[in-house]
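Visitor: I have a few questions at hand. Could you show me the structure before we start?

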Protein chains: 2
Amino acid sequence: MTQRPRRQSRILELVRAGSVSSQDQLRELLESHGLHVTQATLSRDLRALGVVKAADGYRLPESNGSNGSTGMSDGQEELARVIGMYAFSVREAGTMVVVRTGPGHAQIVAVGLDRSGLGDVLGTIAGDDTIFIATPGVEAAERLASALRELAEIEA
Amino acid sequence: MTQRPRRQSRILELVRAGSVSSQDQLRELLESHGLHVTQATLSRDLRALGVVKAADGYRLPESNGSNGSTGMSDGQEELARVIGMYAFSVREAGTMVVVRTGPGHAQIVAVGLDRSGLGDVLGTIAGDDTIFIATPGVEAAERLASALRELAEIEA
DNA sequence: TGGGTCATTGCATGATTATTCACATTGTGA
DNA sequence: TCACAATGTGAATAATCATGCAATGACCCA
């Protein structure tokens, strides 16, 4: 039986305690626990244990690495094409309508909105992934949001 | 305004997509998006964004690594952490909430907001040090601003 | 406009981590 | 028990990441 299970158990303790900022430091900590091992082995251990490296040191993962991606629906043509391609959420917010897109896509959708000639669109402000659309009133906002959802094939 | 907010947005997109296993690969990916930057700057960006390195590549943090449970969702714990560290002002503006951070920290706080699952958050626009949060209405804005102030331990 | 201060960024290099190669140890089946 | 396969480990080195320093840009003020 190798030292590995015992060593990895000790590694987990140290990582949980927030004590580990580098593999060489970990090696020294283990040394002081009577475990003599090289950095190469520790690199392997940390990988095997799924430990992640943050700016402030090593951490245990709390969950799997499925990075929550913003789902985007399929696209169509013109405004419908871009909004269908890049927008995933259309909500009323008072007299505004808020469209969410994937990062970096708000501008192109906003251009499509500006060119669409939709009467309820008074103006748009777009950042990276969010577009604020000004409408004349609350009812107009609801009307526009409903229309955009249909174009984008998004459910409310 | 420097390239940094835009670049960091794009970095977040790529990391979320699970596309990034090394900083040099990230540099190439950004190059193909027309963003020319060195590995040194990317190291700084990734640190600023709180991105962690796992065996299979870079990930957004799911939590702050503390194992204590406070009854908040993981996303809200993370939000509390980043907003507590980086935000210094939370104000309502009609149906919007405006969060001010230290320079360069808006993006990471916006990540926290997006991941928090707070229902009143319809969308966010983040620049370098300012975040605009869209909410469904004036009351929702007040409610959210109040909640964020509490998380950030900021007085009105 | 010019000067001062601070932030951002690239270059170069140091620090850290991952991997290859060689060897040792352990496990397994005949 | 023996032969071979599988696994573990260290040393050396390659790959990757972090940081000091200097240059430049942004911003502010007189």
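Guide: A residue counts as near a strand if one of its heavy atoms lies within 4 Å of that strand. Keep in mind that this is a predicted model.

Visitor: What share of the atoms of DNA strand C within 4 Å of the protein belongs to sugar or phosphate?
Guide: The atoms counted are those of DNA strand C within 4 Å of the protein. Some belong to bases, and the rest to sugar or phosphate. The sugar or phosphate share is 64%.

Visitor: Which side chain has an N or O atom 2.5 Å from a base oxygen of DNA strand C?
Guide: Start with the phosphate contacts. A phosphate oxygen of DNA strand C is 2.8 Å from the side chain of A:Lys53, counted to an N or O atom. Another such contact, from a phosphate oxygen to a side-chain N or O atom of B:Thr41, spans 2.5 Å. The base oxygen contact at 2.5 Å belongs to A:Arg44.

Visitor: Which element gives the largest share of the surface near DNA strand C?
Guide: Elements that give two or more residues are H3 (39–49) of chain A, plus H1 (4–16) and H3 (39–49) of chain B. By class, the surface has four nonpolar, eight polar and six charged residues. The largest share is five residues, and it comes from H3(A).

Visitor: Which residues come nearest to DNA strand D?
Guide: There are 20 residues around DNA strand D. The nearest residues are A:Arg4, A:Thr41, B:Gln23, B:Ser43 and B:Tyr58.

Visitor: Which side chain has an N or O atom 2.8 Å from a base oxygen of DNA strand D?
Guide: The side chain of A:Thr38 has an N or O atom 3.0 Å from a phosphate oxygen of DNA strand D. For B:Lys53, the phosphate oxygen distance is 2.9 Å. The base oxygen lies 2.8 Å from an N or O atom in the side chain of A:Arg44.

Visitor: Which element gives the largest share of the surface near DNA strand D?
Guide: H1 (4–16) and H3 of chain A, with H2 (23–32) and H3 of chain B, each give two or more residues. The surface holds five nonpolar, eight polar and seven charged residues. Five residues, the largest share, come from H3(B).

Visitor: Is H2(B) roughly parallel or roughly perpendicular to H3(B)?
Guide: The two helices pack with axes 9 Å apart. Their angle is about 100°. Angles of 65 to 115 degrees count as roughly perpendicular. Therefore H2(B) is, relative to H3(B), roughly perpendicular.

Visitor: Which residues of H3(B) meet H2(B)?
Guide: From H2(B) come B:Gln23, B:Leu26, B:Arg27 and B:Leu30. The contact divides into four nonpolar, three polar and one charged residue. On the H3(B) side are B:Gln39, B:Leu42, B:Ser43 and B:Leu46.

Visitor: Which strands stand at the edges of the open sheet in chain B?
Guide: The order of the four strands is S3-S4-S6-S5, with antiparallel pairing. An edge strand has a single partner, so one side is left without a neighbour in the sheet. The edge strands are S3 (87–93) and S5 (123–126).

Visitor: What is the bridge partner of B:Ile125 in S6(B)?
Guide: S5(B) pairs with S6 (130–134) of chain B in the antiparallel sense. The pairing runs over four bridges. B:Ile125 has as its partner in S6(B) B:Phe132.

Methods. Residues numbered from 1 in each chain as written. Chains lettered and ligands numbered in written order. Predicted model: local features only at pLDDT ≥ 70, side-chain atom pairs only at ≥ 80, totals over all residues. Heavy atoms only, no water. Polar contact = N/O pair within 3.5 Å; in protein donor to acceptor, adjacent residues only side chain to side chain. Nonpolar A, V, L, I, M, F, W, Y, C, P; charged D, E, K, R; others polar. Axes fitted to C-alpha atoms, helices over the stretch in contact; angles between N-to-C directions. Parallel < 35°, antiparallel > 145°, perpendicular 65-115°, else oblique. Contact = heavy atoms within 4.5 Å. Pairing = 2+ DSSP bridges.
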